[in-house]
Amino acid sequence: MSIINPSPVGRRTCSLLTGAVCVGLVFAWPAQAETTLEKIRRTGELTVGTEAAFPPFEFVKDGKIVGYGSDILAEVVKELGVKKLNQLDLPWQGILPGVLAGKFDFVATTVGINEERAKRYAYTMPIADGMPYAMKRKGDAITKIEDLNGKVVGTQLASSTEPVARALDAKLKAAGGPGFKELKLFTAFPESYVALANGEIDAVIQSLPSLAVLVKEKPDIFELAMPTSKDGGFTYLAWVTRPDDKELRDAISGVIRKMRDDGRLAALQEKWFGFAMTIPDEGYLPPGAM
Amino acid sequence: MTAQPILRVSALSKEFRGTRALNEFYLDVAEGEIVALIGPSGCGKSTLLRCLTWLEQPDDGFIEVAGRPFGRALMPRGVVRRQSRREIDALRPKIGLVFQQLNLWPHLTALENVVRPQTVVLGRARAEATRRADELLGRLGLADRAGRYPHALSGGQKQRVAIARALAMEPALMLFDEPTSALDPELVGEVLTVLKSLAATGMTMLVVTHEIGFAVNVADRIAFMDAGAVIEEGPAREVVANPRTPRLRSFLDLVLDRAQVPSGETLALPQTE
Amino acid sequence: MRFDASILVDYWPLLAEGAWLTLRITIAAFALGYLAGIAVALLAILPGRLPRLMASVYIETLRNIPFIIILFVVYYGLPFSGVRLPATLVGTAALALFASAYYAEIVRAAILALPRGQFESARVVGMSPAQAMWHVVAPQVLRTLVPPSTNMTLTMMKESAVLSSVTVPELTYQSLIVQGNTFAPFEVFAAVAAIYWLIAIGIAEASRRLERRVGAAQAASVSANPIAARYLSLDARRPS
Amino acid sequence: MGFKFEYLLSILPDLALAALVNVRLAAVIIAIALMLGTMLTVLRSLKLRPVNAVVAIVISFVRGTPLLIQIFIAYYVLPAVGLDLTPEVAGIAAISFNSMVFVSESMRGGLASIDPGPLEAATALGLRPPVIWWKVVLPQLFRRIAPVLINEATIVVKGTALLSVITVVDVLRTAQQMASSSYRPFETLVGAALVFLVVNLAISLAGKTAEARFAATRM
């Protein structure tokens, strides 16, 4: 039967065969009398969509969803006065159609901020700095960006680091180098890690928080190489709501800001990543964003 | 039976999971002779035909066709040599088998059913194979049916195509498995005519049947088989008229009684000779 | 929420390129998979236990595991053993491997469904097993083969979408890129569904023509019987 | 990152537990698909032209588009027309619908191989069409296509793996969760493969045994 990538589909992949629209089907969403935020406040119930396969942000441990994002979510739940939290776990390919179809109230899973997405979804304040980094096999001689000339580089298809990788390639070529030997795009990051380990590719470009944890877990296999340029990408990571739920978005952003200001956020970053990040107040959204 | 036999079967044995289907079966068929093999169902008739064509491998015993060993050869000093598949395949055209179910090839026309084995097995040129097929089908009264597919032929016509297919290989011997059973009763006379006309050309035939009347009419000699071996044989009419063994007698009583024929002496059978 | 068709106009070339590769992969995997399938089917009908056991282990293992897993084992397993090939090649080979198990089963069942006498009557006139297969068994089996093979080929064509997860730039992969650029899931996948559907219609039509050519004689005999036409056929005109 | 056999062994119990979800859903789906598929077949046999034209388009769509897309439509697009289903209901509906079409198509093939003789006899006896269907056609048909139906059941089991995209946490989703925290996608996928293999072999074996017993009682 038709199985379209039920793989460990990751995060920044924009969804795989998401909803197809039967030809002729008209989209007419039921008009909402009350906003999502009002509904949450009235019922005391919140439903969020999470891709719980992205450590250290959200992942499953002993049957429960835990991680940096989950800890923040707990604070948000408290601040919003929610009594009952439904946290749905689903692969990345179901996340954005799910929120658009109203299957959950917002996406409580880290989404890289980029221009196109920002036109269609409302981003909350960032919860992390996803600075792009290059990772290599332990002991390989890749120490500066120029060393990536002639190498096979991998990242995730349609992720926020895909444009970063393309921009890097262009930059190498502009500087007179040959550029990457090949850019391989995987539908999930874990697969690019396996490809790196078995020699299929020479480097993975991914955001630092994820790589830092991976390198800590597998110090014999992987090693951080160097930060790559941020050109072509907005590297902050945030949650998203439906475009018409700006109210809800602002409420969540308010909680995140409060947590940043009173140091709770930094403490969580230390706990999960081992280092703290700077989260800006503005400038994290591309032009034309909601 | 002094002439060199076309078919010589000696001590043929075949066992299926402990049951002896053939138990030291002996039979000689002389050139130009028609032998009818009769016997109760389950006596090993079908197994015999399958072993004679090597569709089933006999456990033991020998088959000789036109003086040449088939399947297994007895070498000097009693050494038994099994023939290779190629040797067996090369000898197979010498034995024409007309299956009870006919087994015509439904995707080929009547003509092509007769042509194809000649070109594939004997390596004849298509033109020559077609000429022979036309001639055979004509002789069997099927000239105007040559272009038809098997499903568009009557039972009797199908049978004659199957006969033509076997004859086209120029066999030394023809085997018939229950040639009357797949046909309507009124067509039995037609089969008889065909077989008789074959006999007139000097063809050697072994006909397995359970119809005594048919056997008596078609055959020179009848062999009665029971429990995997021939237990009585002789000139057709004599065997039926004066069975010597009690087993044949009770078999005849059974089948003739069913056919409501009082006794062998007064068989009301069509005379063809 | 609106349906924004302009996205499809802008990204049409990318999708068309992916569709073309999907089609080529399907054809290649069909040819390769069918050859392998026939070989395994012949193994399965050989006398003797060992070949039959080998064939059934092959068939059952590949048929009972989701394709994505077969693909991953081949794609990530090969480099560990030192073999390095382009992703499209490996992906197509994995797809052919997967499909061959189904084709083998289809061919095996079709051969076994043919009355034994057909093969035997060919052997008895002196044809070798190969000749009997070629002249008598194969042409008849072909008729029963077409419908299930078409089904499997359609399944395989759709399954080729999984190759996107190992960097093969086929239709689904390209649609992911378009998704990444536009972030409009519903529009892109409506288009992708339509393209898969079109390819499927093409395959079904090709098979219908083939079926008509190889199976004309059989069809005629069914509809000749009014009772059979009434109960046993879903396509014929209603008997009056 | 070589293959770690101990890790594979350690995750098998949890994967097997998760497989219960797939098995439960598959059982419901197969029952529904059999029922609906039979009804669709009988409906098609009536040869009402407009109905069969619509059925032909539906069949073409179901056969021609990936199952995942059909699942997406059931879960994410149907709410647009006022049909908001829970994940499991949407998943069951989508796969049953898909499987119904394949069941009916297998029946179409099976019908062609049935001997019309008994039907003629039944008609001559004056039996009414529903009785003929129920007592004569369907029993023969099910016996004939039993192997195909068993095969379809294994396909349904594999199909349930796709329900992870609509928040059903099944074997595959559990494997994905494990892979992402252990960074061992290879072992977890092989583990999931083993679980699917065992479930489907069990189905095939049970089917064959049932078939053999059925055949034996008929002799």
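Predicted model: local features only at pLDDT ≥ 70, side-chain atom pairs only at ≥ 80, totals over all residues.
Helix H3 of chain B, which runs over residues 110-122, has 13 residues and reaches 19 Å from its first C-alpha to its last, a span close to the 18 Å expected at 1.5 Å a residue. Because 10 of these 13 residues are buried, H3(B) is largely enclosed by the rest of the structure. The buried residues include B:Ala110, B:Leu111, B:Glu112, B:Asn113 and B:Arg116, and among them are also B:Val114, B:Val115, B:Pro117, B:Gln118 and B:Val120. Their cover includes helix H4 (126-139) and helix H5 (155-167) of chain B, together with helix H6 (129-159) of chain C. Just after H3(B), a positive phi of about 70° is found at B:Gly123.

A search of the whole structure, over all chains, finds zero disulfides. B:Cys43 is accordingly in no disulfide, and the nearest cysteine sulfur, that of B:Cys51, is 13 Å away. Since a disulfide requires two cysteine sulfur atoms within 2.5 Å, the 13 Å between the sulfur of B:Cys51 and its closest cysteine sulfur, in B:Cys43, is too far for a bond. B:Cys43 is buried, with a relative accessible area of 2%, and B:Cys51 is likewise buried, at 0%.

On the surface of chain C, a nonpolar patch is formed by C:Leu50, C:Leu53, C:Met54 and C:Val57, which together have about 410 Å² of accessible area.

Terms used: Residues numbered from 1 in each chain as written. Chains lettered and ligands numbered in written order. Heavy atoms only, no water. Patch = residues over 30% accessible without salt bridge, like charges linked within 9 Å, V, L, I, M, F, W, Y side chains within 5 Å. Areas by Shrake-Rupley, 256 points an atom, 1.4 Å probe, with all protein chains shown as cover. Salt bridge = Lys/Arg side-chain N within 4 Å of Asp/Glu carboxyl O. Buried < 20%, exposed > 50% of the residue type's maximum accessible area, 1.4 Å probe, protein only. Helix = DSSP H or I, 4+ residues; strand = E, 2+ residues; numbered from the N terminus. Expected span 1.5 Å × (residues − 1). Contact = heavy atoms within 4.5 Å.
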